[in-house]
Amino acid sequence: MRNESEKEKIIRRFLENIYTKEDAETFFRDIKNPENDALIDNMIWKLEKESGSQENTPAVNREQYKQEARQLLKRLEKRKKRYLRQIAVSVAAMASVLFLAIYIFHNIKTTETSSILYSETVTSYGEKRWLMFSDSTRVVLNSRTIIAYPDNFGKNERRIRLSGEAYFDVNKDNTPFIIEAGRFDIRVLGTSFNVKAYNEDEIVSVAVNEGRVQVSMSEATLVLKPKEKITLNTRTGEIMKEIVRNEAHTSAWIQGWLCFDRTPIRDIARELERIYGCRIKFKEGIEFNNLISGEHDNRSLESVLRSIEYTSGIKYLKNDNEILFYK
C-alpha cells in the first residue's frame, strides 16, 4: 500500500518526464480513483503556488497552452492503454509545464465521464416501462418520467439521470451506482428502492426496500436502511426521515395502485394528470392545503375523484378532460 508521499513523487516524476512504464500506469490509475481526490487537489494547489512564483505567462501563450492541453487530453483518452513516452516529452518541451499540469489535472478526471454517450427513455401519460441496463440493473419507470443512461457504464461509476419516478433493483457491484435526481443525488452499490422526483411536485422522496442508500442534498446527507424513507418538501425545505409502515406501498404504483401518505392535494392532482392525461385546476381565491392519506385501487379517474371528495371535502366539476377542484 503506497502512502500519499509516494503517490505525489510518482505524479511529479511523470510531469518531469522521468518515469517507468509502471509509474505511468500508476499515474493514470491514481488520477482516476475518487479516493485520491484530496491528494490531487493538494497537488493542484502546490502546482498553482509554484506556478505563481514564476514569471506571468502572456495571455496569448496561456490560450495556446490550453489548446495544446486539450489535444493532449484527447490523445490520452484515445490511447489510454498505451502510455507513450512522446506524450510526456511533448508536455515537458512546452514553456509552461506547471500550467499544463494544472489544466490537465482539472480535466482528466472528467474525460471518461464526458465521453460517455447517454441514451434517453421517456414515458407518456399512464405509461409504465421496464428497462435493464448493461450491468443487469432493472428499472421500472412510472408515467411522465425521463431517464438518461449510458449503453455501457464506465469503470469508476455507474451514473444515470432521472426526472420522475422509478423503482430500481440495482445489481450488486463494487462500482458505485449514482442517480442524479434534481434535488438530490443517490449513491448505492446494490439494493432495491423507489425514487420519486418529479420537478413539478412539492414532495420528493426515496424509499428503501433492501440494502443501504446514501442520499445527498444541499441541506444534508443521510443514509437509509431497509424500510426507511426520506421526503423533502421542495417548498419549505423540510426534510423528514421515517419508517415505512407498509413496505408494499413503496412500489404499489407498479401494480396500478395509488398510495398517499400526508400528500399535498396539488401533488395528487399532478399525479392524476400524469396517469390520465387530464387537466386539473383549482378554483381561484380558495386555499387548498389538504394533506391526503390512504390507498386506492385506481380503476378509474372518476372513482379516485369521488374518494378524494369523500375523504377531504374537496368537490370537483368534470368537463371532458378538464377537472376543477373547489370547496
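Beyond its neighbours within four places in sequence, T175 is in contact (heavy atoms within 4.5 Å) with G154, K155, N156, E157, R158 and L189. The structure is a predicted model, in which local features need pLDDT of at least 70 and side-chain atom pairs count only at pLDDT 80 or more, while totals for chains, interfaces and linings use all residues. Residues are numbered from 1 along each chain as its sequence is written, and side-chain values use heavy atoms, with hydrogens and water left out.

T175 lies in the loop between β5 (158-169) and β6 (177-180); strands are DSSP runs of E of at least two residues, helices are runs of H or I of at least four, and both are numbered from the N terminus. T175 counts as buried because its relative accessibility is 15%, buried being under 20% relative accessible area, exposed over 50% and partly exposed in between (1.4 Å probe, protein chains only).

The protein chain averages a pLDDT (the predictor's confidence in each residue, from 0 to 100) of 77, and 65% of the residues score at least 70. Confidence is highest in strand β3 (residues 138-141), at a mean of 96, and lowest in helix α5 (residues 85-93), at 40. Over residues 75-100 the pLDDT is below 50. Where pLDDT is low, the predicted coordinates should not be read in detail.
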